[in-house]
Amino acid sequence: MEDQGAAKIRRLDHHQCLSDALEFSPFQMGDLPEEIQHLVLSLQSPKEAARTSIVSRKWREVWTRYPNLCFDGTEDGPTDEDSVKIKGAKFIETVNSVIQKHTGTRLNKFSIRCYLEKNCSDHLDRWVYFATASKSAKIIDINLGPQRKDIGPTKEVYHFPLQALDGLDGPFVQSLFLTNVSIKPRSDICGFKKLVKLHLHCAEIIGDLPELLLNCPILEDLELIACSGVAELNIPHPLDKLRHLLICNMSLKMVDFQVTGLTHFGYQGFVIPILLHGCSNLEKVTITFFRMPLAEQVSNKGFVCAIAGIIPSISAVKELHVCASMREYNPTWLWSLQVRGMTRPTCMLVKLRKLTCEITILTNGPNSHDGIFQIAQFLDFAPRLETLELHMCYSVEIGGSCWCDESEVFPMRRLDHLKTVYMSGFRCYRPQIELLLGILENGDVLEHVTIEPMVKLDKNPDDKINIGIPEDSICAWARLASQRFGKDIVVVKAPRRRICKWVGGWSIKAK
């Protein structure tokens, strides 16, 4: 014990000597140029920046110029590397103390993540005006609610003062992230001239959103998720710099944008008119349709018909990801009749190279539900498609046994460029078999065909759906189909992820 105590004393003496040496040496850290000090601080975490105050007396106030002030008062969720976790009872006191001592100069990012009561609006206003008063903060992130995208804002929300971003010295904010707040856009607010990113999550929009966007001439990234107060997104003026547009879970009747430079577009919601004018550089589009109302189901309007209405706006897209669901209400024999007698559409996805479809089918008769035949019509929209990924989930309540008997080949046009086909949730139901046989017959350049019986949807409705898969029957059918069309078919088996590949009637198995 005495040896340990002596060793501890020696270490303390050593640290004190180092501190004295730094303090009285000819070269002082405080003598570094201010730009270098700022760079050193920006590379440190908040705790590391605070520790620099003990290195030298001249550095005791250096932390007051720390560029990233991120306060996290939540009890759940991950913490950003720039954030400091603060317990709820001390959150307001801690933030007030820090901003009172901070100089506000060279502030780069200011972030508040907490669940405060409405009577704390005075504190929130003080924090926001502190960040904007610096005239240097490029990122402002105010998150006052749980990170849930499936719910709207609460009845009582904090009103974020957009006018705080305005000032005589000109705009400075480049990224604005607001969650669970309300905003009131006005045409006379000019603090968004340099705004590049605008993310509004669960926000209540009181006023004219197009006027706000009109004041964002270089906006590149716009996210609107579960926001209220907007019935139509009709933006009459062009947003030529916009590259990423995401619209989710909003009660809209129409989306109308002029976005000539758009490269990524995402939409999640009910089927509505979507007009994107001048999109010639689209790289990827993701569309998720909510379950269609009963009236549309009975009238035989499928998700492909809904996509067809958007095709003129996204005709230049190279990669398309579609999520949709089908119900039992459809008169299923009409699907087959409609698709078999279809005519080639006038507007097509001529640049589309990869198509991913996630389809959930709610039915008691998977062998008689022909809704999956809409994929054949989808393939007709994309004459130069190279890769098809089809993820299927049959939510079967009654029955649902494999078909595996001799089936027809579903008629479709030539697939002259299709090289790769991957299907998950393939259980050898009759419509699945007929669709794949049609692809095998018309895909002369097919190189890779893979089927996986397991359901691979991101949001699997039931974990039990992958229990009791008849893999032997599926492999037997794959062997016969491979022999019939002379093409290799790979069956991915579970749970050991064994691969069963049928080549010319011979079975090759590998773990």
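Helices (H or I, at least four residues) and strands (E, at least two) are DSSP runs, numbered from the N terminus. I worked from a predicted model, in which local features need pLDDT of at least 70, side-chain atom pairs count only at pLDDT 80 or more, and totals for chains, interfaces and linings use all residues. Residues are numbered from 1 along each chain as its sequence is written, and side-chain values use heavy atoms, with hydrogens and water left out.

**Entry 1: P383.** I located P383 in the loop that lies between α10 (374–381) and β19 (387–396). I then took the C-alpha separation of P383 and M348, which is 7.9 Å for residues 35 apart along the chain.

**Entry 2: helix α5.** I noted 13 residues in α5, residues 121–133. From first C-alpha to last, α5 reaches 18 Å, close to the 18 Å expected at 1.5 Å a residue; the expected span is 1.5 Å times one less than the number of residues. I listed the buried residues of α5 as L124, W127, V128, F130, A131 and T132. Just after α5, I recorded a positive phi of about 60° at K135.

**Entry 3: cysteines.** I searched for disulfides (pairs of cysteine sulfur atoms within 2.5 Å) and found zero in the structure. C202 is in no disulfide, and its nearest cysteine sulfur, that of C227, is 7.1 Å away. I found C202 buried, with a relative accessible area of 2%. C475 is also buried, at 6%.

Technical notes:
Buried means under 20% relative accessible area, exposed over 50%, partly exposed in between (1.4 Å probe, protein chains only).
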